[in-house]
Amino acid sequence: MIPDDVVYPLPSQRALGDLVTDVLREMVTGGRFAPGQHLKEAELAEALKVSRGPIRQALVRLEEEGHVELRRHRGAFVSTLTKSDVEEVHTLRGAIERLAASRACTRMEGAGFDEMDAVLEQMKSVDTRIDPEDAVRLDLQFHDIIYAYCDHTRVQRVWESIRGQVTVFLRARNASFPDFLDVGYSEHKELRDALALADPQAAQDAIDKHILGAYERLKRLNLPDR
């Protein structure tokens, strides 16, 4: 018998929904499901050992983030990467990351640059080949630092809302243009050095140049318009 003064809180439906959302998001962005694949509620619920309620909640959230499409009377399907998606996410990311960089460059000081240098050291140490997932992880880890030090909660929230889609784009880019060994370290080191100038305009210019390269590569993919 549990003593009266001991409380073992069970996860709320909201907390369970968040957990399921995180798991499904990771599965989608990690390539566990193919673009256009039908995500059946019953199968997902059985696989994750939960009821269908948290699955529905998670799918609605993932639709808001652009990872899945909910089709009336048909269910949920993994989103397919389109030219329109790439253009929209690129322009949104460009807008928020310019702001984040212009603020972070005057706030990072020693600790922030130490974190960046640690990621750069990992990039630099790759000398033969790198797993595409590791390339995506290091890329995002570097940019997460910029957002962490921008001191702007709303910008951070927007970044979190599109980060999963950026992950998908980076994976597609790395699969079609496996040049991380050639440009991964050098391009991020150039951005780091621009941020170290503590000049907001220089930081914005560096961000423009940095993310434009990835966008230009993605535009060369044979993607549907919408």
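**Before the cavities.** I began by settling a term: a cavity is a set of grid points where a 1.4 Å probe fits but cannot get out, and its lining residues have an atom within 4 Å of a point. I also noted that this is a predicted model.

**Cavities, the count.** How many cavities of 30 Å³ or more are there? I found two.

**Second largest cavity.** I put its volume down as about 130 Å³. Its lining is made of Val86, Val89, His90, Arg93, Val166, Phe169, Leu170, Ile211, Ala214, Tyr215 and Leu218. Helices α4 (83-104), α7 and α9 are the elements that give two or more residues to this lining. Sorted by class, I get nine nonpolar residues, one polar and one charged.

**Largest cavity.** Here I noted a volume of about 160 Å³. The lining has 16 residues, and those closest to the centre are Asp139, Arg173, Glu187, His188 and Ala214. Which helix supplies the largest share of the lining? I found that α8 does, with five residues. At least two lining residues come from each of α6 (132-148), α7 (153-176), α8 and α9. By class, I wrote down five nonpolar, five polar and six charged residues for this lining.

**The sheet.** Next I turned to the strands. I found an open sheet of three strands in the order β1-β3-β2, paired antiparallel. The edge strands are β1 (38-39) and β2 (68-71), and each pairs on one side only. As a reminder to myself, strands of a sheet pair through backbone hydrogen bonds. Two bridges join β1 to β3 (residues 75-78) in the antiparallel sense.

Lys49 sits in the loop between α2 (41-48) and α3. Is Lys49 buried or exposed? Its relative accessible area is 71%, so I logged Lys49 as exposed. Ala198 is my other entry: again not a glycine, with a positive phi of about 55 degrees. I placed Ala198 in the loop between α8 (180-195) and α9 (200-219). With a relative accessible area of 39%, Ala198 goes down as partly exposed.

Notes:
Residues are numbered from 1 along each chain as its sequence is written. This is a predicted model: local features need pLDDT of at least 70, side-chain atom pairs count only at pLDDT 80 or more; totals for chains, interfaces and linings use all residues. Side-chain values use heavy atoms; hydrogens and water are left out. Two strands pair if DSSP finds at least two bridges between them. Helices (H or I, at least four residues) and strands (E, at least two) are DSSP runs, numbered from the N terminus. Buried means under 20% relative accessible area, exposed over 50%, partly exposed in between (1.4 Å probe, protein chains only). On a 1 Å grid over the protein atoms alone, a cavity is a set of points where a 1.4 Å probe fits but cannot get out, and a pocket is an open set with protein on both sides within 12 Å along at least five of seven lines; lining residues have an atom within 4 Å of a point. Grid points are joined across faces, edges and corners, and a volume is the space filled by probe spheres set on the points. Ala, Val, Leu, Ile, Met, Phe, Trp, Tyr, Cys and Pro count as nonpolar, Asp, Glu, Lys and Arg as charged, and the others, Gly among them, as polar.
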